[in-house]
Amino acid sequence: MSDSLAVCVFCASSSKIDPRFLDLAAEAGAELARRGHSLVSGGAQVSCMGAVARAARAGGARTVGVIPENLVDLEISDEENDELIVTPDMRTRKGEMDRRSDAFLVLPGGIGTLEELFEIWTARTLGMHDKQIVILDPVGVYEPLRELMKGLAEHGFTRPKAFDAVSWASTVPEAFDLLELSQVRIEPTPEDYAEAEL
């Protein structure tokens, strides 16, 4: 087994999703624990965030939740986390999650999940970190995103090296195998930084 990682999982908070996505989150949490890793998550007890954390703890993994104070006020914070960090806002939350994580696993989710994905994806493309990013998408929820990214590259808005910054998986074991690989740092060019400023 590889060295223990603090794996940040970005996933859904919606209560209106198909139960199979809750099952996927629980499977990811169980596999994380089985492999001896710890979890960093959004700190809420709802939907996939709650499912992945509960499954990780059930398997003996340490879980760290990071939640902005306005969501604590809505009483959705997961108080069972080994450590629950309350931040003043969403931006601080993301920074704390990034700081505490060695790798990122992205499950199907909504605009919040996409925002988190794009931020770490952009930072990786620009050489700001070399942490693994794996998108776990067994049913093709993110297939339109892949096509969008290809189209952006074809039109010159995104450079092909952006695709080197993420890996895609269709099963939970495959996703964790990818997370445990050593990542190669992407060395950006001046043009990459110019693109980021557009």
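Contact is taken as heavy atoms within 4.5 Å, and axes are lines fitted to C-alpha atoms, for helices over the stretch in contact, with angles running from 0 to 180 degrees between N-to-C directions. Helices (H or I, at least four residues) and strands (E, at least two) are DSSP runs, numbered from the N terminus. The model is a predicted one, in which local features need pLDDT of at least 70 and side-chain atom pairs count only at pLDDT 80 or more, while totals for chains, interfaces and linings use all residues. Residues are numbered from 1 along each chain as its sequence is written, and side-chain values use heavy atoms, with hydrogens and water left out.

The strands form an open sheet of seven, in the order β4-β3-β2-β1-β5-β6-β7, with parallel pairing; two strands are said to pair if DSSP finds at least two bridges between them. The edge positions are taken by β4 and by β7 (167-169), each of which pairs on one side only. From one strand to the next, the twist averages 25°. Strands of a sheet pair through backbone hydrogen bonds, either parallel or antiparallel.

Strand β3 (residues 63-68) is largely enclosed by the rest of the structure, because six of its six residues are buried, that is, under 20% relative accessible area, where exposed means over 50% and partly exposed lies in between (1.4 Å probe, protein chains only). Residues T63, G65 and I67 point one way from β3, whereas V64, V66 and P68 point the other way, and all are buried. Strand β2 (residues 38-41) runs parallel to β3 and is joined to it by three bridges. Within this pairing, T63 of β3 is the bridge partner of L39. The chain passes from β2 through helix α2 (residues 47-58) to β3 in a right-handed β-α-β crossover, meaning that, with the strands pointing away from the viewer, the path from the first strand over the helix to the second runs clockwise. Five bridges connect β3 with strand β4 (residues 83-87), and these two strands also run parallel. In β4, T87 stands opposite P68.

Strand β6 (residues 132-136) is joined to β7 by three bridges, again in parallel. The bridge partner of I135 in β7 is W168. Helix α5 (residues 111-125) lies across β1 (6-10), β5 (103-106) and β6, and runs at about 145° to β6. Helix α7 (residues 172-179) lies across β1, β5, β6 and β7, at about 170° to β6.

Residue T113 is placed in helix α5 and counts as buried, at 3% relative accessibility. Leaving aside its neighbours within four places in sequence, T113 is in contact with F10, C11, A12, V106, L107 and Y142.

One of these contacts, C11, is itself buried at 7% relative accessibility. The structure holds zero disulfides, a disulfide being a pair of cysteine sulfur atoms within 2.5 Å. The cysteine sulfur closest to that of C11 belongs to C48 and is 5.3 Å away, too far for a bond. Residue C48 counts as buried at 1% relative accessibility.

Residue E147 lies in helix α6 (residues 143-154) and counts as partly exposed, at 43% relative accessibility. Between E147 and L39 there are 108 residues of separation in sequence and 30 Å in space, C-alpha to C-alpha.
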